[in-house]
Amino acid sequence: MPHRHRHTRAMGAAVAATAALLVAGLSGSASAGTAPSGPASDAPTAAESLRADAAPPALLRAMQRDLGLDREQAERRLVNEADAGATAGRLRAALGGDFAGAWVRGVESGTLTVATTDAGDVATIEAEGAVAKVVRHSLTDLDAAKSRLDRAAEDRSSTDAPVRYVDVRTNTVTVQAVRPSAARTLLDAAGVGAGLARVETSAEKPRPFYDLRGGEAYYINNSGRCSIGFPVTKGSQQGFATAGHCGRTGASTSGANRVAQGTFQGSIFPGRDMAWVATNSQWTATPYVRGAGGQNVQVTGSTQAPVGASVCRSGSTTGWHCGTIQQHNTSVTYPEGTISGVTRTTVCAEPGDSGGSYISGSQAQGVTSGGSGNCRSGGTTFYQPINPLLQNYGLTLKTTDDGGPEEPPPGEGGTWAAGTVYQPGDTVTYGGATYRCLQGHQAQQGWEPSNVPALWQRI
């Protein structure tokens, strides 16, 4: 909120070992294929690939405060979440259309559950150390039902049933409503039956969080205040990603120091909640988010964390706060209109935090959109995922990872390209081999498919 001045399966005999933070429960289905043998034993672990085993002290302290952990628990949680997401990524590819989502649970995220519609998949899931849950609906079916709900919501006022999401843990499409009758009306209009849906009564009425380091303040047209999401580049142009409701294309910005800063180059709201600002030569994009006490928290990539994972937010009003990811692919209706594809969290926020950074370990997750409650009594927030924003505007996330690219065999560069946003199931060629993407991320040098089995599976 700107602060106004004031997704036929073919299954291999065994599923290959781990891959990193899956977009557990993300929309879409992985392409079919036989899972090959796992990566070499000397390959980097998911935690090493995503630097989850080297989290910044400021992030760990915020997790301790907001999640009730000690330092060792916070450290183990981040490593477990990276490993769990990796395992879920390969299981998703192996299960194909049977896949019904995945999530972590436990104080240290020590338990990974993978849902399937086929009881014949149980042994495969358990062989990877995960808990298997056989359910009725595939993730593809749930996503399709939610899409029908979103279309129905476009044709009628749905502020009394403002939040809709695929809940992989309950295997339903959930509608949160102030008035249950409003949810039932919406479900009837969308043709979504009771077997697919769940209505949850809630008094929450989300609104946008109105009001170059992620989390720092900036002002729009010398009036409203929002927060920087993540510094980015577009070719030689520097700038930052933020929320679309913070400003329209052409609006000018100034920094927290009130020095002229830049101009909104693109902005979408409602529908989505994404924007980016190109800054002038006085401002330099850095690969950091502002942490507790003003300390730098490094950003090394944008691999999406799974449902149940910890996530922390930086904003110019309330600073650092942490919580957990509740659902991906959520739709929420604000008074100004409906936005889709956002992620719902238990992190608090207040006016002025809008546009600010959500980060899990060192992986950028998204920019603050809106929510309800506050940081005194607690609340629920939604963020616009960063990867679709980067893809939409052709931006490159600024990261601290400066590892050089691996040289492919002569004459075989392949179709993989740094800067491209890849989704689970996408296939590329690199070094004469074909690889399948296991989890959504923006590719970067050093993360070539042959280097990161946490993100890519050779097929």
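Me: Why is Gly193 called partly exposed?
Reply: In this predicted model, Gly193 has a relative accessibility of 37%. Buried would need a value under 20% and exposed one over 50%, so at 37% Gly193 counts as partly exposed. Gly193 sits in the loop between helix H6 (180–190) and strand S6 (197–201). Its C-alpha atom is 9.2 Å from that of Ala145, and the two residues are 48 residues apart along the chain.

Me: Which residues of helix H7 are buried, and how do you know where they lie around the helix?
Reply: In H7 (residues 386–393), the buried residues are Ile386, Asn387, Leu389, Leu390 and Tyr393. Looking down the axis of H7, these buried residues fall within an arc of 160 degrees, so they line one face of the helix. After H7 comes Gly394, with a positive phi near 65 degrees.

Me: Now the rings. What makes the pair of Tyr358 and Tyr383 tilted?
Reply: The structure holds 6 aromatic pairs, this one among them. The ring centres of Tyr358 and Tyr383 are 4.6 Å apart, and their planes meet at 35 degrees. Rings pair if their centres lie within 6.5 Å; stacked needs planes under 30 degrees apart and edge-to-face over 60.

Me: How do you know whether Tyr358 and Tyr383 are buried or exposed?
Reply: Tyr358 has a relative accessible area of 0%, and Tyr383 has a relative accessibility of 1%. The cut-off for buried is under 20%, so Tyr358 and Tyr383 both count as buried.

Me: Why is the pair of Tyr422 and Trp456 called edge-to-face?
Reply: Their ring centres are 5.1 Å apart and their planes stand at 75 degrees. The centres must lie within 6.5 Å, and edge-to-face needs an angle over 60 degrees, so this pair is edge-to-face. Tyr422 is in strand S24 (residues 421–422) and Trp456 in strand S28 (residues 456–458), distant parts of the chain that are 34 residues apart. Both Tyr422 and Trp456 are buried.

Me: What makes Arg258 count as sitting over the ring of Tyr219?
Reply: The charged end of Arg258 is 3.5 Å from the centre of the Tyr219 ring and sits over that ring. The distance limit for such a contact is 6 Å. Arg258 also lies in the turn of the hairpin formed by S12 and S13, where its phi is positive, at about 70 degrees. The hairpin has 4 residues between its strands.

Me: How do you know that S12 pairs with S13?
Reply: Pairing needs at least two bridges. Strand S12 and strand S13 (residues 260–268) have 3 bridges, so they pair, and they do so in the antiparallel sense. Within this pairing, Thr253 stands opposite Gly262. S12 (residues 252–255) also pairs with strand S8 (residues 217–220), again antiparallel and over 3 bridges. There, Ile220 stands opposite Thr253.

Me: What makes S25 and S28 edge strands?
Reply: The open sheet has the order S25-S26-S28 and antiparallel pairing. Strand S25 (427–430) and S28 each pair on one side only, and that makes them the edge strands. The twist averages 35 degrees from one strand to the next. Strand S26 (residues 433–437) pairs with S28 over 3 bridges, and Arg436 stands opposite Gln457 in S28.

Terms used:
Residues are numbered from 1 along each chain as its sequence is written. This is a predicted model: local features need pLDDT of at least 70, side-chain atom pairs count only at pLDDT 80 or more; totals for chains, interfaces and linings use all residues. Side-chain values use heavy atoms; hydrogens and water are left out. Buried means under 20% relative accessible area, exposed over 50%, partly exposed in between (1.4 Å probe, protein chains only). Helices (H or I, at least four residues) and strands (E, at least two) are DSSP runs, numbered from the N terminus. The arc is that of the directions from the helix axis to the C-beta atoms. A charge sits over a ring if NZ of Lys or CZ of Arg is within 6 Å of the ring centre and within 35 degrees of the ring normal. Axes are lines fitted to C-alpha atoms, for helices over the stretch in contact, and angles run from 0 to 180 degrees between N-to-C directions.
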